[in-house]
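Colleague: Please take a close look at one part of this assembly, the annotated domain and the interface beside it.

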Amino acid sequence: MITIKHLSHEFVVGKKGKQTFIPVLKDISFEVKEGEIVTIVGRSGSGKSTLLNLVSGFIHPKEGEIWINGQKVSQMNETKFADFRIKNLGFIFQSFQLIPSMTAFQNVELPLILKGVSETVRKKQTEEMLAKVGLLDYQDHYPGELSGGQQQRVSIARALIVNPPIILADEPTGSLDSETEEDLLKFIKELNTDLGITFLIITHDEKVANIGHRTIELKDGRIIEGVLA
Amino acid sequence: MKLSDQFRFVRQNMKKNRTRVYMTILATAMGCAFLIVLASVGFGLQKSVVKEMTERRIMTQIDVYGQETTESGGYRQLDDKDVQEFEEMSDVKAVTRRKMLQQEGFYLIGNYQQSTQTVVANFPSEIKAGFELSAGSLAKDKAEVVVGYNFPLNLGVKGEQTEEMFDEQGQLKEKFRYNGKLIGETIELTVSKMEDGKKIEKVFPVKVAGISKKPTKEWAEDRSVYISEELLKDIEAFTGTPKGIVLDSTDQVNLADLEASKNTFDDVKVYAKNMEAVQGIVDELKENDYATYSVVNELKEVNLMFAIAKAGLIFIGTIAILIASIGIYNTMTMAVTERAPDIGIMKAIGANPRTIKRIFLLESSYIGLIGAFIGTVVSYGISYAVNFVIPIIIKQAFGEETPPEIVFSDIPLSLPIICIVICYGVTILSGLRPAQRATKVDVLRAMRREV
Ligand SMILES: Nc1ncnc2c1ncn2[C@@H]1O[C@H](COP(=O)(O)OP(=O)(O)OP(=O)(O)O)[C@@H](O)[C@H]1O
Ligand SMILES: [Mg+2]
């Protein structure tokens, strides 16, 4: 489902003339199979977020290839990647990333609008999705009027609304208490077993790491464990 | 993303900063109204001038003054040969030619009198050109004349004419003018000449055969008396000068000039078959060194002048819209800055940069078009007010009435269209950069709230 081949990345900081290069990822190769939950762990600053941002297409790799769902995304331009993203990828972020001026309903509806789905279909699907995450009664609440856990459920609803085969998550439980975290992990498991959604989850939480079929550990930009597991 | 959804987005976004958007629309509307009102003055005055020109003249008429003579650089008067040449030109309907008696004819019938122009006209050509009689018939012998429609209306009682004899329109009041029968009556034409410093008069009795039709143009007046060629010959025999010109012995006259004018026409008009043919005939005449005047020619020049003036006015008006566009640029830039975090999130979940650009362009054109629309509506109001108020101001300041046909401001349909096109273009241009910026919003920085 996701194939990474010899991926390397470095950041360039500083003004022209006295630039410094910060190598973050060095020759990373691994694969995530369909229906798998793979977690990535590692110390802070080991390059986990950078790796996920590369897979998400938010930044472009210096070297190497990224294949998702049979397509080579590492060479796609922005427009193409945008269309690819909305069809194939769902995102769950640590800080939820909901649009504060939109209600829970509107936030969940947004990907359908971007996809060009008609209004009646949109309404039905959005309501179903909100019901699924147990927030139908909160559909007219703005993100600021929801708890952290509720906001995370809205963001999951938004990720799921377009039925993506893959969900990428960067520390999804980072802002949640342990009880809410457990609910979320249960939900992820359900989505994986019931709908066969593939997950790539970054975490430094052992509980989260444990739901994965496999765990990859990063250290100083290299994989040190779990490639073959 | 559907267009209707894009519109919904734009409206929602605009609602978030209502005051700012209203102010920008206001500035745009003012710019557009300024452009339209300014240019409408050009359109209005052009309309007035053209209307005046076309109403005063017959569109198919070409006046031919003479032919440029290469030797002297002066003009030669036209004669039968020229007229024949004109008549043979294609698309010519008629060529009228008139000789004028070179002194005022004094006409007397009973106790009523009038001094007026005496003309020898070629009636077949005049009729082809549209001359008609309202009563009687054309002259059949040399002593018969046709009088202009206004001739009887100006036959006043003998003696000094005083102001109370005329009404407000400057017409002779009925009780002071000749009311008897005219057709078939004899009137006396008195012609004079100078001999040894003494004025000698001779009376030629003529019989009125017909009266011409009322001139079609409201303002026109025809009080000429149309006499026969033979009668003119008699008058010339009496005065001993061509066309009865009165010569004082003290006058310095070139005898050759005098001789040359003997068989020439004083007024030659060529009538084209239709308006489209005028230009061709004028061109051909010009090629042969004839001096001409036609409304069509003058219209062309006047229209060209006004086209330049209007372009200038529209250009100045465009500057106003350009200034307004700075406001649009500002508003859109601020909108993009404010919404950068939202844009970042939308991009992260898969919004196409092109869609984002389109939404912002839509927003700026929305502002521009609403502004242009309001500006257009307002400018119609201003234009109406200008036409209403300026004559009043002129009357107050200079005490003069403005002729009712003068239009100070006129907005033809093309003007709002020009304005909307200019405004739309300027809006798109000023919205382009902010929209471009919106597509460049960095997803990661936006999500870290760093924008
Ligand atoms: N935009 C950037 N410019 C320059 N350096 C960057 C940038 N983003 C990340 N880095 C650097 O890359 C390295 C890896 O960062 P990354 O965010 O991937 O770590 P992480 O494993 O996600 O850490 P954490 O667990 O704390 O989230 C860090 O040393 C960081 O300083
Ligand atoms: Mg991280």
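Modeller: The unreviewed UniProt entry carries the annotation "domain: ABC3 transporter permease C-terminal" for residues 314-441 of chain B; such annotations may be inferred rather than shown by experiment, and positions follow the numbering used here. This is a predicted model, in which local features need pLDDT of at least 70 and side-chain atom pairs pLDDT 80 or more, while totals for chains, interfaces and linings use all residues. Residues are numbered from 1 along each chain, chains are lettered from A in the order in which they are written, and side-chain values use heavy atoms without hydrogens or water.

The span 314-441 of chain B is 84% helix and 0% strand (DSSP runs; helices H or I of at least four residues, strands E of at least two), and its end C-alpha atoms lie 38 Å apart.

Turning to the interface, 23 residues of chain B are in contact (heavy atoms within 4.5 Å) with 27 residues of chain A. About 2200 Å² is buried between the two chains (accessible area lost on being put together, 1.4 Å probe, summed over both), and carbon and sulfur atoms give 60% of this area. Ile349(B), Leu444(B) and Met447(B) supply 25% of the area that chain B buries against chain A, more than any other three residues.

The rule finds two salt bridges across this interface (a side-chain nitrogen of Lys or Arg within 4 Å of a carboxyl oxygen of Asp or Glu). Lys347(B) and Glu78(A) meet in a salt bridge at 2.8 Å, N to O. Helices H1 (3-16), H8 (295-348), H9 (353-398) and H11 (443-447) of chain B each supply at least two residues of the side that touches chain A.
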